[in-house]
Amino acid sequence: MFGKRGNFGSTPASPAPAAAPPPSSAPAAAPQGGRAPESHRAPERRSDEYYQTKSMIFGALIEAIDLSALAKLDPENAREEIRDIVNEIIAIKNVVMSIAEQEELLDDICNDVLGYGPLEPLLARDDIADIMVNGPTKTYIEVAGKIQLTNIRFRDNAQLMNICQRIVSQVGRRVDESSPICDARLPDGSRVNVIAPPLAIDGAALTIRKFKKDKLTLDQLQRFGAISAEGAEILKIIGRVRCNVLISGGTGSGKTTLLNCMTNYIDHDERVITCEDAAELQLQQPHVVRLETRPPNLEGTGAISMRDLVKNCLRMRPERIIVGEVRGPEAFDLLQAMNTGHDGSMGTLHANSPREALSRLESMITMGGFALPSKTIREMVVSSVDVIIQAARLRDGSRRITHVTEVLGMEGDVIITQDLFVYELLGEDAQGKLKGRHRSTGIGRPKFWDRARYYGEELRLAAALDASAEKA
């Protein structure tokens, strides 16, 4: 027991303790009926009486507990200590509540002290893809491609900001009025974005792109219908034979997930270096160096940009360079890396089609201040990029790989591409789900055939192309 006072029940605590550590008393929405979260049940809205009782017990807990001693414990033991003290407070103050209500209260308070408060039940669910907090009173989630409003709410904007600060401080970043925009990540790699007042008018806006605990593979994407069996086999070969790959798609289309899947087919004896704004890629290879950009400090200096990381990669003896997202002048350095012996490098970018991805790549290089003729930039793109994989989220919420496209070369000033696979929409069923099929375009000998033969994969590639042609 880490009690600081022998008789913490003798004087009533104030309803809103000023000494509460961040995050302070939070109206968490724990699952019903015990401690184990239930994946598909929305939390019920609690009464004001519940929050008043919780605030009173939380105040007594803060007076009774030694936070410095608690910080030395591992999370499980710390949780048990908090539960013991809260149970004692409930008994001393003669608080009347059912066993289920008491369990909910215990979970809520433990989440406030040790975790992310009201967000903990949502973070525990593996079926949620996104958590979107629009101020303290509105929290939305995305499940199965559809956005839903939840009953999760925070006490006030101060508590929401405390939780945001707790998240971003874990990766050495900060969010406040002087630096109101921040990208960060959770320990499991989930992507976090915070935009705080005064930029966010109705309270801090917190967005979490959650990653599943079980990492997806191309075989699983095939079972979900995101790609055909033959298309998945060709993507495995593309990853294995060190083609330079760009993964293109809109927001939420699954680009990072697909990039994670593609990296599963990198040989374990290759040295891989990743560059990201917030480190979210989780490669399984033993020889991986993970790099992350850094925002400026309080004096406005010390920022390390993505371009700095990509340029430094070239001095680190990489065999493959993987850029989490290409969104600026680092595109020029990535293309140079792809074109100077770092075959098999990969990156993602935002675009709605393979053709548009090439245009965006050219635009990003131009915006970086490189005074190069348009034809020179296109020649660099053609000599660097081998394959563009297009991902899309359809209007029914499903995600599909819609194009697997090769970059062939140039005719005059125009970049020539050819599609190996495309996704055709056929309509929708009675439930509103879109129906479609992945169709081979009948290309029997892609440009990377010689590369596949060099790596001994030409028979697998021929078999996959033949099988897809038979189904077309």
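In this predicted model, the largest nonpolar core comprises 36 residues, and those with the most contacts inside it are Ile238, Met262 and Ile389. Helix H8 (residues 229-240) supplies the largest share of this core, namely five residues. Apart from it lies another core of 34 residues, including Val310, Cys313, Val323 and Ile388.

Setting aside residues up to four places away in sequence, Met262 touches Leu218, Leu235, Ile238, Gly239, Ile247, Met346 and Ile389.

The crossing is left-handed. On the H8 side, the residues in contact are Glu230, Glu233, Ile234, Lys236 and Ile237, and they meet Arg460, Leu461, Ala464, Leu465, Ala467, Ser468 and Lys471 of H15.

The following table gives values for the whole protein.

| Property | Value |
|---|---|
| Secondary structure of the protein | 15 helices and 15 strands |
| Buried share of the 472 residues | 51% |
| Contacts between residues at least 6 apart in sequence that join residues at least 24 apart | 60% |
| Accessible surface of the protein | about 21,200 Å² |
| Share of accessible surface belonging to carbon and sulfur atoms | 51% |

Definitions and conventions:
Residues numbered from 1 in each chain as written. Predicted model: local features only at pLDDT ≥ 70, side-chain atom pairs only at ≥ 80, totals over all residues. Heavy atoms only, no water. Core = buried A, V, L, I, M, F, W, Y, C linked by side-chain atoms within 4.5 Å. Buried < 20%, exposed > 50% of the residue type's maximum accessible area, 1.4 Å probe, protein only. Helix = DSSP H or I, 4+ residues; strand = E, 2+ residues; numbered from the N terminus. Contact = heavy atoms within 4.5 Å. Areas by Shrake-Rupley, 256 points an atom, 1.4 Å probe, with all protein chains shown as cover. Left-handed = near helix turned anticlockwise from the far one by under 90°.
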